[in-house]
Amino acid sequence: MAEPTILTCALTGAGDTAGKSEHVPVTPQQIAESGIEAARAGASVIHIHVRDPDTAQGSRETAYYEEVVERVRESDVDPVINLTAGMGGDLAVDPASPSESLGRVEGTDLVSGLERLKHVEAIRPEICTLDCGTLNFGDGSQIYVGTPDMIREGAARIKELGVKPELELFDTGNLWFANTLHQEGLLADPPMYQLCMGIPYGAPADPGLLNAMVSMVPDGAEWTSFAIGRNQLPWAAQSVLLGGHVRVGLEDNLYLRRGVKATNAQLTAEAGRIIDSMGRKVAAPNEAREILGLEAH
């Protein structure tokens, strides 16, 4: 029988993409409907960010997450629910400030690791993300902040809540630290690794580097790899080739092919065809739950 591959659809993200494609969902209702459509198209897991409906920018508002999850759970599909817990780590600084008082500027949304989990505590999803390091996100003067103490504290709390952490790994150092968390007993087995490729300035979308990173993943762990932009769909094949799972969605890529804007359902269906063509099959939600050690619904 064909081996099941978990297919995740990342619905909207927090990037400044809503003005670039009419298909990027913004309101809780739009995000839920997009997730339901992706699940109908074959998504095993839906990965959820929320946005402020007025500004279309990323949000940490628990009520928005609650509405999205409630709408999905009341629908005719039952995908695994994966909530981001990465919001609240953004630090923007003014490089023109005096060196002795480098100041925060607009774009900063920096709270403690536990504060980033408020919606996870309220909703108790099956999965939430845990970013495993600090990273320069693109050019400019903004970084994502995740210190070892913050990450350990978050991992411990996520384990207490009975939620599976999806470890967001943007570079080899992040992967090294994820292995440390596993060795320290802060992760329930099997650990769930997400290898994030092509995001400036983390790990480049290079197949050789992916192979090296996969070699660092501990035995027994489940892992997914994705790449952004035009590499997204080819990377689905790359991930399957090395024995991993797959992630697509409008968080990371807006196009089905050159010049053709995609919906989440279209990206999911195309990834499903890629998986099938490689002799694997897309995992049904309860198969994904079994693979990840989650309780079946």
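User: Which residue in β11 stands opposite Ala92?
Analyst: That's Gln142. Strands here are DSSP runs of E with at least two residues, helices are runs of H or I with at least four, and both are numbered from the N terminus.

User: Before we go on, what kind of model is this?
Analyst: It's a predicted model: local features need pLDDT of at least 70, side-chain atom pairs count only at pLDDT 80 or more, and totals for chains, interfaces and linings use all residues. Residues are numbered from 1 along each chain as its sequence is written, and side-chain values use heavy atoms, with hydrogens and water left out.

User: Ok, back to β11. How does strand β7 pair with β11?
Analyst: Antiparallel, over three bridges, with β7 spanning residues 89-92 and β11 residues 142-144. Two strands pair if DSSP finds at least two bridges between them.

User: What sheet does that belong to?
Analyst: An open one of four strands, in the order β8-β7-β11-β10, with antiparallel pairing. The edge strands are β8 (109-110) and β10 (135-136), each of which pairs on one side only.

User: And β6, what does strand β3 do with β6?
Analyst: β3 (residues 45-48) runs parallel to β6, and four bridges join them. In that pairing, Ile48 stands opposite Leu83 of β6. β6 also pairs with β9 (residues 127-131), in the parallel sense over two bridges, and there Leu83 stands opposite Cys128.

User: Are the faces of β6 covered or open?
Analyst: Both faces of β6 (residues 80-83) are covered: Val80 and Asn82 are buried on one side, Ile81 and Leu83 on the other. Buried means under 20% relative accessible area, exposed is over 50%, and partly exposed is in between, using a 1.4 Å probe and protein chains only.

User: Switching to Ala288, where is it and what does it touch?
Analyst: Ala288 is in helix α9 (residues 285-292). Not counting residues up to four places away in sequence, Ala288 touches Ile6, Ser44, Val80 and Ala283. Contact means heavy atoms within 4.5 Å.

User: Why is Ala288 called buried?
Analyst: Because its relative accessible area is 0%.

User: How about Asp252, buried or exposed?
Analyst: Asp252 is buried, with a relative accessible area of 10%. Asp252 sits in the loop between β15 (245-248) and β16 (255-257). Leaving aside neighbours within four places in sequence, its contacts include Ala10, Phe226 and Arg247.

User: Zooming out, how many helices and strands are in the chain?
Analyst: Nine helices and 18 strands. Of the 297 residues, 51% count as buried.
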